[in-house]
Amino acid sequence: MITTPITASLQRGALDLELTDRGLLPHRLPAWARQQYDDGQLEMAESQPSGVRLVFRTRATVVELETLLTKREYVGAPPRPDGVYDLVVDGKLTAQATVDGGDVITIDLMTGSTESRRGESRTLRFDGLSDVLKTVELWLPHNETTELVALRTDAPIEPVPADGRRVWVHHGSSISHGSDAGSPTAIWPALAAAHGGVELVNLGFAGSSFLQPFVARTIRDTPADLISLKLGINIVNTDSLRLRSFTPAVHGFLDTIRDGHPDTPLLVISPILCPIHEHTPGPTGWDLSALAEGHLRFAATGAPEEVATGKLTLSVIRAELSRIIAQRATADPNLHYLDGRTLYGEPDNTAHPLPDDLHPDPETHRIMATRFAAHSFSAKGPFA
């Protein structure tokens, strides 16, 4: 077996590779941005390699990847499934694998306490591949922090040169991150990217999309042919802004992106349907009765009458985003708006209710991807 150093030329989707004492840790935010916050949730989310994959050309019939995972366990809740690795050969999903071991962080949702224990690396192996020259993509688990220890093959590998495909940078919340999707290529942005024939850079950060200036600057500085922003749900989840501050924050976020991408097609997407927050403000809390029975569910803890004081609901956010984009589009013809309920709305909630009242199931990820691609990559779409 040949061990090939993992370098930036072999990866796509990460904006930084951090050298650790045990391997390489892909990050979806650059080092300078990571220095501008003290937020454990975002630290976890951006280190989970959603959309990150190793890409290379080879005649190898065997591919091995040694990794060190960080798994999270929640006291009183069912064990989370192991993260999935997807092997894509010449554009087709060919095999999937999981590994155990790794570090474990145990979280008590009732008290907020955490406990960590250190684990060992494990090796996953894909064999039986054809010995012809092929493009191999190894997609990392979208929901587990993954350190890369070693890449081994039974034939030499080489980087894949740019093929002219457009780069799509997408930012959003846990739904864009891929919460409850079945595997890394089955999150809705990855499926939509495959439909559209574009290269994905996924900046969907679970529980962590707050219109942060350093995220806007990251998007500004990242090469992109297409940009989309799915905004709003985390702001309601955390009750972090009022309408008076939300409006200038959206303008500032867009202004910063336009500083680096003045003419790039930019699509702003409002939240998908989420019944608990359509007319009830946040913050979002745990459904303690469900948690006592071993189920993770969410509940809105605000009151509808608080909207009069400026608190935000999804209905308020959609109306304001629509107004802002319509106002700016008069001078920015490459700025577009999409109501998130086009991707998942009332009829879908009847057929595919959100399992935890917040996140879509795997089938809904597929539905959202198909609809997004039909809207955005169509002949008259914003990404045409």
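Start by selecting Glu-306 and Lys-311: their side chains form a salt bridge, with the closest N and O atoms 3.3 Å apart. Keep in mind as you go that this is a predicted model. Colour the pair by accessibility and the two partners part ways: Glu-306 is partly exposed at 28% relative accessibility, whereas Lys-311 is buried at 7%.

In total, the structure holds 28 salt bridges.

**Two bridges across the sequence**

Next, select Arg-22 and Asp-103. They make a salt bridge whose closest N and O atoms are 2.6 Å apart. Follow the chain from one partner to the other and you will see that the pair links distant parts of it: Arg-22 sits in the loop between strand E3 (16-19) and strand E4 (24-27), while Asp-103 belongs to strand E9 (residues 103-107), 81 residues apart. Is Asp-103 buried or exposed? With a relative accessible area of 14%, Asp-103 is buried, because the cut-off for buried is under 20%.

Now move to Glu-64 and Arg-125, another salt bridge, with 2.6 Å from N to O. Glu-64 is in strand E6 (residues 63-74) and Arg-125 in strand E11 (residues 122-126), so this bridge ties together parts that are 61 residues apart in sequence. Show the surface here too: Glu-64 is buried, at 12% relative accessible area, and Arg-125 is partly exposed, at 45%.

**Helix H7 and its neighbours**

Switch to a cartoon view and select helix H5 (residues 213-221) together with helix H7 (residues 243-260). Their axes come within 7 Å and cross at roughly 20°. That angle makes H5 roughly parallel to H7, because angles under 35 degrees count as roughly parallel. The crossing of H5 past H7 is right-handed.

From H5 come Val-215, Ala-216, Arg-217, Ile-219 and Arg-220, and from H7 come Phe-253, Thr-256, Ile-257, Asp-259 and Gly-260. Sorted by class, this contact of H5 with H7 has five nonpolar, two polar and three charged residues.

Keep H7 selected and bring in helix H9 (residues 314-329). How far apart are the axes of H7 and H9? They are 11 Å apart, and the helices pack at an angle of about 45°. H7 is therefore oblique to H9, and the crossing of H7 and H9 is right-handed.

For the side chains in this contact, display Leu-243, Phe-246, Thr-247, Val-250, His-251, Leu-254 and Asp-255 of H7. Facing them on H9 are Val-316, Ile-317, Glu-320, Leu-321, Arg-323, Ile-324, Ile-325, Gln-327 and Arg-328. By class, the H7 and H9 contact has nine nonpolar, three polar and four charged residues.

**Helices H4 and H11**

Now select helix H4 (188-196) and helix H11 (362-376). The axes of H4 and H11 come within 8 Å and cross at roughly 40°, which means that H4 is oblique to H11. Look along the pair and you will find a right-handed crossing of H4 and H11.

On the H4 side, pick out Trp-188, Leu-191, Ala-192 and His-195. On the H11 side, pick out His-365, Arg-366, Met-368, Ala-369, Thr-370, Phe-372 and Ala-373. This contact of H4 with H11 has seven nonpolar, three polar and one charged residues.

**Backbone stops in the loops**

The last stops concern the backbone. Most residues other than glycine have a negative phi, and most peptide bonds are trans.

Select Asp-180, in the loop between helix H3 (174-177) and H4. Although it is not a glycine, Asp-180 has a positive phi of about 70°. Asp-180 is partly exposed, with a relative accessible area of 41%.

Then jump to Asp-357, in the loop between helix H10 (346-351) and H11. Asp-357 is not a glycine either, yet it has a positive phi of about 75°. At a relative accessible area of 21%, Asp-357 is partly exposed.

Finish at Pro-283, which is found in the loop between strand E18 (266-269) and strand E19 (284-286). Is the peptide bond from Gly-282 to Pro-283 cis or trans? The bond is cis, with omega near 10°.

Definitions and conventions: Residues are numbered from 1 along each chain as its sequence is written. This is a predicted model: local features need pLDDT of at least 70, side-chain atom pairs count only at pLDDT 80 or more; totals for chains, interfaces and linings use all residues. Side-chain values use heavy atoms; hydrogens and water are left out. Axes are lines fitted to C-alpha atoms, for helices over the stretch in contact, and angles run from 0 to 180 degrees between N-to-C directions. Helices (H or I, at least four residues) and strands (E, at least two) are DSSP runs, numbered from the N terminus. Angles under 35 degrees count as roughly parallel, over 145 as roughly antiparallel, 65 to 115 as roughly perpendicular and the rest as oblique. A crossing is left-handed if the near helix is turned anticlockwise from the far one by less than a right angle, and right-handed if clockwise. Contact means heavy atoms within 4.5 Å. Ala, Val, Leu, Ile, Met, Phe, Trp, Tyr, Cys and Pro count as nonpolar, Asp, Glu, Lys and Arg as charged, and the others, Gly among them, as polar. Buried means under 20% relative accessible area, exposed over 50%, partly exposed in between (1.4 Å probe, protein chains only). A salt bridge is a side-chain nitrogen of Lys or Arg within 4 Å of a carboxyl oxygen of Asp or Glu.
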